[in-house]
Structures are given as C-alpha cells and as structure tokens.
Amino acid sequence: MPEASKNNIGKNDSEAPNWSRMHLWQMQPIRDVLLGLGIFALIIIGQKTSVVTVPLLLAILLAYLFEPVIVWLMKKFGASRRVSVIAIMVAVITCVVFPIMAGGAYAAGQLFTFTTDTIANVDRVNEALQQPDESAARARLAGKGDAEPVPGAFIWVYDEIRQSETNNDSSMGRALDAAIDWIATNQEQIAKTTASVSVDLVNRVLGILGAAFGIAFMVFVTAFFFFFTATEWVQLKQFGTKLLPDKNRSRIIDLLVKFDAVISGFIRGRITIAFIQGIIFSIGYFLIGVPGAFILGPVVAILSIVPYLALIGLPISVSLLALQGHDGFRGEWWWIVGAPTGIYFLGQALDDYVWTPIIQGKSTGMDTPTILFASLAGGALFGVFGLLIAIPIAACVKILIQEIFWPRFKEWAEGRADDPLPIE
C-alpha cells in the first residue's frame with residue numbers, strides 16, 4: 001500500500017470520534033433536543049415570573065415602537081435620548097392615560113344609567129301587556145301622567161307581541177315576548193350585574209380596587225423598564241447583533257431588516273390608525289347620541305385593526321341608539337339607522353383612503369383578502385393575541401418564502417439543484 005494512503009488512513013482514524021469517550025451532550029441530535037428543552041424551560045420560567053417578564057417584554061416592544069419618534073425628537077430639537085424618552089412618557093400619560101381614565105369613568109356611569117332605564121322600560125312594556133284595555137296600555141307607554149314616554153323601539157316591541165297574541169302569526173313577536181319575560185324575571189340580577197361591571201370598571205380605572213393596584217404596579221414597572229430600555233436601545237441592538245453566528249450574520253441581518261420593515265410598518269401603522277379611529281368613533285357616537293360612546297368607540301377602533309371588522313359596531317350602535325329613546329329627530333328611525341351607518345362609513349373611508357395610504361402604506365405587501373384570511377385564522381387559533389400577530393407573521397412567512405424557499409425551488413425545478421429545501 002502506498003505511503004500516502006497509509007498516512008491518510010492513519011489521519012482519518014485519528015480524527016474519527018471516539019464514541020465510547022463522548023458525553024451525551026456532545027452528540028448533535030441530543031444537543032438539538034436539549035436546546036429545544038432549554039428554550040421551553042425558559043418559556044415556562046418566564047410564565048412563572050410573569051410579574052417581571054411581562055413588563056420587560058412590553059417595555060422592549062414599546063421601545064421598539066417609539067424608536068422612530070425618539071430619533072425624530074433628537075434630530076428636531078437637539079435633545080438627548082434620555083430627555084426625548086422622558087418627553088414621550090409625559091406625553092403618553094397626559095394625552096392618553098388621563099383621557100382614557102376620564103372617558104372610561106363617564107362612559108361607565110352613562111352605561112349604568114342606560115341599563116337602568118332600559119330595564120324600567122321593559123318593565124313598563126310588560127305591565128302594559130298585562131292590561132286588557134289597549135288604549136290604556138298605549139297611554140301608559142306614551143307617558144300620560146307623570147311618567148316619561150318609552151322610546152319608539154319599545155313601542156315596536158309592544159306592537160309585535162300584541163300582534164303575535166292576537167293573530168298568532170308573528171314569530172318575531174313570540175321571540176320578543178320570551179325576551180321580555182326573561183328580562184322581567186331576571187331584571188334584579190341584570191341590574192346587579194350591570195352595577196357590578198360598571199363599578200368594577202370605574203374602580204379599576206381610578207385605582208381603587210386591589211386589582212387596579214396590581215395593574216398600576218405593572219404599569220410602573222413597564223415604564224421603569226421602558227425608560228432604561230429606550231435610552232439604551234442602540235447598545236441593546238448591538239448586543240443582539242453580536243449573538244448572531246458569524247457564518248450567516250449578513251444574511252440574517254438582511255432578513256431581520258426586511259422583517260423589521262414589515263412588522264414595524266404594520267404595528268406602528270395599525271396602532272396609530274386605531275388610535276385616530278378611536279377618537280373619531282368616540283366623538284361621532286357621542287354627537288349622534290349613542291350611550292357609552294367613549295367605551296364603544298375605542299372597542300370599534302381596536303376591531304378596525306383587522307380590515308372591515310369594525311362593521312360589528314354598526315348593529316351594536318344602532319341598537320343602543322334605538323333603546324336610548326332620544327327626543328326630537330334623534331329619536332326618529334331614519335336617524336337611529338342612518339347616523340351610526342354614516343359614522344361607520346365615514347370611519348371606514350378615512351381608514352381606507354386617508355390613514356392607511358398616509359400612515360401605513362403597503363408595509364405588509366399583502367392584499368386585503370390575504371390579510372383578512374390571516375387575521376381570522378390567527379383569531380381562531382389564538383384569540384385576540386392571534387389577531388394581533390397574525391398579519392406580521394404572515395408577512396414574515398411571505399418574505400421567507402420569497403427570499404429562501406422560492407429561489408431554491410426554482411433552481412430545483414430548472415434542474416440546477418438536487419433538493420429544493422434550503423438545507424446545506
């Protein structure tokens with residue numbers, strides 16, 4: 001045998017791993033499993049210590065979202081990063097936290113009064129139905145005497161139930177009759193529940209209950225972490241970059257930059273749009289007379305993060321306005337139906353043709369059907385949390401397919417690669 005071959009054999013034998021002397025964690029499959037278990041353990045530990053990890057993660061997210069604002073303040077006014085962060089915190093507390101507390105307290109009281117009046121009107125309709133004299137019943141509903149007239153929606157309910165009792169041909173009337181009976185039977189429990197919800201909401205907002213103290217503590221810890229995270233954001237990014245492997249660092253950074261453009265564009269854009277829409281819907285509902293406008297408005301705005309999901313607020317606002325029973329033109333059917341419809345289409349038009357093109361643009365690179373499908377799928381799988389992360393994740397998956405998988409698939413389809421999977 002040639003000497004070179006003998007040397008190679010000896011060399012290969014000396015470099016071969018001695019399995020009998022290796023530890024389990026030195027075997028690559030076992031190391032992969034241990035890595036997965038380690039990540040899972042970190043998630044469990046983070047969940048168990050959520051009182052600290054949740055504010056920390058929220059602080060990192062807020063620092064990420066506010067970074068462009070911080071940079072703009074530094075360039076515009078020549079302020080330091082620390083001063084810019086403090087200015088943002090003061091502005092958020094003054095312009096967001098305090099108005100939400102005031103509006104929530106007012107809306108909670110308004111909804112409590114609305115629910116109490118609604119139960120009283122239901123009771124009057126139920127009493128009118130017990131009277132055999134039709135004219136006396138209608139006089140009671142019309143407010144003859146000292147009583148206030150019931151809203152037109154309750155008179156319509158009365159007419160439907162009377163029709164079902166007389167002709168036995170109104171399924172709507174029978175359903176309304178059953179609803180009236182249930183409300184009349186359980187009105188005390190409904191009143192207690194409504195009062196409990198309203199008081200709980202007010203107490204949470206004002207920080208009276210013990211649960212509100214926990215929320216306030218979490219807000220304080222989040223603000224504490226946000227201040228230091230935002231002021232050290234540049235150093236934090238540099239530290240994260242050093243953790244990337246040298247071999248594929250440039251490729252990973254390129255993908256992260258593209259992910260950042262998509263995620264930041266969508267999250268910053270949709271949150272900004274939702275904040276503006278919340279103001280528009282709240283003021284609009286308040287002007288047309290919808291009770292609880294400062295609660296319903298922000299809820300509809302949050303729903304508008306998903307395209308056209310704000311439509312859910314239309315029947316709710318129409319129903320609340322009908323049951324409120326305003327005097328004058330605000331009590332007419334055309335106003336009850338038309339005013340909330342106009343508010344919805346105004347908000348949707350501003351979202352589609354003003355806010356989205358100006359603020360968000362085409363940051364996700366996906367069309368409306370794809371966004372709607374991703375949102376519904378995320379909500380079905382993970383609830384509200386899934387709704388929030390579905391679109392950014394779908395956009396990132398699209399980037400991965402376009403940048404990594406699709407080029408390899410084309411090479412395989414054209415015969416220039418043996419395996420379409422991006423595995424080396």
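What percentage of the 424 residues in the protein is made up of buried residues? Buried residues account for 29%, where buried means under 20% relative accessible area with a 1.4 Å probe, protein chains only. The model is predicted: local features need pLDDT of at least 70, side-chain atom pairs count only at pLDDT 80 or more, and totals for chains, interfaces and linings use all residues. Residues are numbered from 1 along each chain as its sequence is written, and side-chain values use heavy atoms, with hydrogens and water left out.

**Whole chain.** Begin with a cartoon view, which shows 15 helices and zero strands; helices are DSSP runs (H or I, at least four residues) and strands likewise (E, at least two), numbered from the N terminus.

**Largest nonpolar core.** Select next Tyr 285, Ile 288, Val 290, Leu 296 and Val 300, the residues with the most contacts inside the largest nonpolar core, which has 19 residues. Such a core is a set of buried Ala, Val, Leu, Ile, Met, Phe, Trp, Tyr and Cys residues joined through side-chain atoms within 4.5 Å. At least two residues of this core come from each of H11, helix H12 (293-303), H13 and helix H14 (333-360). Centre on Leu 296: leaving aside neighbours within four places in sequence, Leu 296 is in contact (heavy atoms within 4.5 Å) with Tyr 285, Val 290, Ile 316, Ser 317 and Leu 320.

**Loop between H12 and H13.** Move to Ser 304, located in this loop. Ser 304 counts as buried because its relative accessibility is 4%. Not counting residues up to four places away in sequence, Ser 304 touches Arg 270, Gln 277, Ala 310 and Asp 351.

**Helix H13.** Buried here are Gly 313, Leu 314, Ser 317, Val 318, Leu 320, Leu 321 and Ala 322. Just after H13, Gly 325 adopts a positive phi of about 70°.

**Second largest pocket.** Finally, display Tyr 64, Trp 233, Lys 237, Leu 256 and Asp 260, which lie nearest the centre of this pocket among its 26 lining residues. Two or more lining residues come from each of helix H3 (50-77), helix H10 (233-242), helix H11 (249-288) and helix H15 (368-413). H11 gives the most, with nine residues. A pocket is an open set of points on a 1 Å grid over the protein atoms alone, where a 1.4 Å probe fits, with protein on both sides within 12 Å along at least five of seven lines; lining residues have an atom within 4 Å of a point.

Notes: Buried means under 20% relative accessible area, exposed over 50%, partly exposed in between (1.4 Å probe, protein chains only).
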